[in-house]
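Visitor: Hi! Could you walk me through this one while I have it open?
Guide: Happy to, just ask away.

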Amino acid sequence: MMIDPLVLLQAYSIGVFPMADDRDAEEVYWVEPKRRAILPLDGFHLSHSLSKVIRRDRFRVTANRAFASILAMCAESADDRPSTWINHAIEQAYRHLHETGFAHSVEVWDGEELVGGLYGVALGRAFFGESMVSRRTDASKVALAWLVARMRFGGFTLLDCQFMTDHLRSMGAVEISQRDYLQLLGGAVGGVALGAGAVLSGSGAAAELAFAPLAGAAASPLPPILTVSGPVSGHSIAQLLTHTS
């Protein structure tokens, strides 16, 4: 089945998102959790060990340079996850949202090897985290730390994690009621026009501020000073998170 991109964005704007039973499932269903995991942007828990990894620039972090690869890695089976909820229709839908500027990825590199990251959808001042993946120790944690720091700089107010996990809880995520979530969501996407006939033209100013500094040409990225201001080094990312967590 095909997922209409406008319908998908409208679903996010009211607190609903798609899932499938497994990778090869033909059907997609819509989910609205009664309890929602979010990560307060001023409540990110930066452990001492993770701070050291980030400050030393153990990994190189980019955004929107390898969206399709991150999405494909998240959809792969693993020893502790024989199948995933990302079927082919969902994968195609998010690739389309990326092409229109609504879906974004954060990539973590060890040299020239892609070793982890995350992807999600940005709408107004909300970011809906969809999935994370790690092929090296701490790679997904580094991606999440950079995401939180860049979201703070961009003026986001909501980081939706959907379902609580021990991994997310250890990094500061909390679980709230559906009612409280919808209040936060309304404030974050209240100015976004998604009515019938809406033109899909990207996530908006907050996402541009958050992700543009990390999205230059992979071969020869511009120095941060020539793109936009804001924390873009591992040291400044860790410093910002330390000051706000």
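Visitor: Where is Thr-62 found?
Guide: Thr-62 sits in strand 4, residues 60–63. Helices (H or I, at least four residues) and strands (E, at least two) are DSSP runs here, numbered from the N terminus. Keep in mind that this is a predicted model, where local features need pLDDT of at least 70, side-chain atom pairs count only at pLDDT 80 or more, and totals for chains, interfaces and linings use all residues. Residues are numbered from 1 along each chain as its sequence is written, and side-chain values use heavy atoms, with hydrogens and water left out.

Visitor: Is Thr-62 buried or exposed?
Guide: Thr-62 is buried, because its relative accessible area is 1%. Buried means under 20% relative accessible area, exposed over 50%, and partly exposed in between (1.4 Å probe, protein chains only).

Visitor: Which side chains make a polar contact with the side chain of Thr-62?
Guide: The Glu-107 side chain does, at 2.4 Å, and so does the side chain of Trp-109, at 2.8 Å. A polar contact is a pair of N or O atoms within 3.5 Å; within protein, one must be able to donate a hydrogen and the other to accept it, and residues adjacent in sequence count only if both atoms are side-chain atoms.

Visitor: And which residues is Thr-62 in contact with, leaving aside neighbours within four places in sequence?
Guide: Those are Ser-105, Val-106, Glu-107, Trp-109 and Leu-214. Contact means heavy atoms within 4.5 Å.

Visitor: Switching to charges: how many salt bridges does the structure hold?
Guide: There are eight, each being a side-chain nitrogen of Lys or Arg within 4 Å of a carboxyl oxygen of Asp or Glu. One of them joins the side chains of Arg-36 and Asp-160 at 2.8 Å, N to O. That pair links distant parts of the chain, with Arg-36 in strand 3 (residues 35–38) and Asp-160 in strand 8 (residues 158–162), 124 residues apart.

Visitor: Are Arg-36 and Asp-160 buried or exposed?
Guide: Both Arg-36 and Asp-160 are buried.

Visitor: What about Asp-110 and Arg-58?
Guide: Their side chains meet in a salt bridge too, at 3.5 Å, N to O. This pair also links distant parts of the chain: Asp-110 is in strand 5 (residues 103–110), Arg-58 is in the loop between helix 2 (48–55) and strand 4, and they are 52 residues apart. Asp-110 is partly exposed at 25% relative accessible area, and Arg-58 is partly exposed at 42%.

Visitor: How far apart are Arg-169 and Asp-166 in helix 6?
Guide: They are three residues apart in helix 6 (residues 166–170), so about one helical turn separates them. Arg-169 is partly exposed at 46%, while Asp-166 counts as exposed at 62% relative accessibility.

Visitor: Which residues do salt bridges that share partners join into one network?
Guide: Arg-58, Asp-110, Glu-113 and Arg-136.

Visitor: New topic: how many residues of helix 5 are buried?
Guide: 13 of its 16 residues are buried, so helix 5 is largely enclosed by the rest of the structure. Just after helix 5, Gly-155 takes a positive phi of about 90 degrees.
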